[in-house]
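Me: I am new to this structure and would like to learn how to read it. Could you take me through its features one at a time?

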Amino acid sequence: MTNNTNLLEIRNIDKSFGGVQALSDIDFFLEQGSITGLIGPNGAGKTTLFNLITGLFPADKGEIRFGGRPINNFRVNELVRLGIARTFQNVELFESMTVLENILVGLHTRTRCGIIESIFRFPYIRREEQQARERAIELLEFVGLQDYADRTSTDLPFGWQRLLELARAMASKPRLLLLDEPAAGLNMSETGRLEELIRKVRDQGVTILLVEHDMNLTMSISEKIVVLDQGRKIAEGPPREVQTDEAVMAAYLGKAKS
Ligand SMILES: Nc1ncnc2c1ncn2[C@@H]1O[C@H](COP(=O)(O)OP(=O)(O)O)[C@@H](O)[C@H]1O
Ligand SMILES: [Mg+2]
């Protein structure tokens with residue numbers, strides 16, 4: 001049944017790599033404007049699910065719907081245009097570019113001009129470029145990096161690179177934002193700042209799917225938690241229910257039991 005308050009629907013998804021069944025029969029929905037935590041031990045299939053949703057490779061079986069529309073065979077750029085953005089478990093910035101340029105690349109998907117037009121520099125292009133710079137600065141202000149606009153992105157401390165990646169993801173004006181371990185490598189105060197930012201993004205109406213090992217962060221920020229273990233969904237529900245779920249505790253602690 002399609003419920004129009006569900007922005008993303010994951011239905012009976014299977015994905016294997018050679019002999020490894022990375023995902024089996026995964027099924028859950030993301031309610032519009034909500035924050036959902038996707039957790040599970042290493043190798044559970046979390047990043048694989050992100051890669052399927054963002055069009056890096058197709059599912060073997062099942063359906064992914066975004067805004068009620070099947071998106072299984074959409075390519076990465078089409079999905080960005082539709083409103084799906086992500087950050088990566090291992091931060092992926094354009095290394096030789098400045099902080100500001102990294103944001104401008106993210107904004108490019110939203111401006112009309114192509115390469116040829118940029119070369120001839122029609123007046124409306126200059127206007128667009130000016131607007132893009134202003135918007136880029138706003139996005140840097142949003143994550144607190146406005147004073148570092150002209151630094152080479154990879155010269156920033158790692159925690160700041162994660163914030164820059166978040167700002168770049170926001171440049172495409174996403175409706176759905178997938179965050180893959182955004183707090184990994186952050187200290188406590190940076191994690192606090194990240195939590196505040198994620199809430200602000202959600203308050204702008206963006207739906208968020210969060211993969212994160214920091215359980216304090218995940219449990220405090222998520223309305224719903226989906227738990228994967230070895231490619232299967234083993235639990236789904238509000239944080240307080242999932243935290244006391246026996247199958248979940250067994251998956252996290254019980255590796256020693258088996
Ligand atoms: N591109 C890939 N090629 C081959 N195997 C992969 C690939 N991506 C993931 N896997 C395998 O799929 C399983 C799930 O991995 P992953 O989705 O990265 O888990 P998680 O993000 O939950 O730690 C692992 O066994 C992993 O080795
Ligand atoms: Mg992962």
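Reply: A residue is buried if 20 or more other C-beta atoms lie within 10 Å of its own, exposed if 12 or fewer, and partly exposed in between, with C-beta atoms placed from the backbone. Helices (H or I, at least four residues) and strands (E, at least two) are DSSP runs, numbered from the N terminus. With those terms, look at strand 3: I35, G37 and I39 on one side and T36 and L38 on the other are all buried, so both faces are covered.

Me: Before we go on, what kind of model is this, and how are things numbered?

Reply: This is a predicted model, in which local features need pLDDT of at least 70 and side-chain atom pairs count only at pLDDT 80 or more, while totals for chains, interfaces and linings use all residues. Residues are numbered from 1 along each chain as its sequence is written, and chains are lettered from A and ligands numbered from 1 in the order in which they are written.

Me: Why is strand 3 largely enclosed by the rest of the structure?

Reply: The general idea is that in a regular strand the side chains alternate between the two faces of the sheet. In this case, five of the five residues of strand 3 (residues 35-39) are buried, so the strand is largely enclosed.

Me: How many helices and strands does the chain have, and what share of its residues count as buried?

Reply: There are 10 helices and 10 strands. Of the 258 residues in the chain, 39% count as buried.

Me: How do I read a sheet, and what is the order of the six strands in the open sheet?

Reply: Strands of a sheet pair through backbone hydrogen bonds, either parallel or antiparallel. Two strands count as paired if DSSP finds at least two bridges between them. Here the six-strand open sheet has the order 6-7-8-3-9-10, and its pairing is mixed. Strand 6 (84-86) and strand 10 (232-237) are at the edges with a single partner strand each, so one side of each has no neighbour in the sheet. From one strand to the next, the twist averages 20 degrees.

Me: Which strands does helix 7 lie across?

Reply: To read that, take two residues as in contact if their C-beta atoms, placed from the backbone, lie within 7 Å. Axes are lines fitted to C-alpha atoms, for helices over the stretch in contact, and angles run from 0 to 180 degrees between N-to-C directions. Helix 7 (residues 188-203) lies across strand 3, strand 7 and strand 8, and runs at about 150 degrees to strand 8.

Me: What is the order of the open sheet of four strands?

Reply: That order is 2-1-4-5, with antiparallel pairing. Strand 2 and strand 5 (69-70) stand at the edges, each having a single partner strand, so one side of each lacks a neighbour in the sheet. Strand 1 (residues 6-17) pairs with strand 2 in the antiparallel sense over eight bridges, and I10 stands opposite F28. Helix 1 packs on this sheet, touching strand 1, strand 2 and strand 4 (61-66), and its direction makes about 65 degrees with that of strand 2.

Me: Which residues surround ligand 1?

Reply: A residue is near a molecule if its C-beta atom, placed from the backbone, lies within 6 Å of it. For ligand 1, the surrounding residues are F17, V20, A22, G40, N42, G43, A44, G45, K46, T47 and T48. Helix 1 (46-53) and strand 2 (20-31) each supply at least two residues of this shell, and helix 1 gives the most, with three.

Me: Are N12 and E181 buried or exposed?

Reply: N12 has 12 C-beta neighbours inside 10 Å, so N12 counts as exposed. E181 has 20 inside 10 Å and therefore counts as buried.
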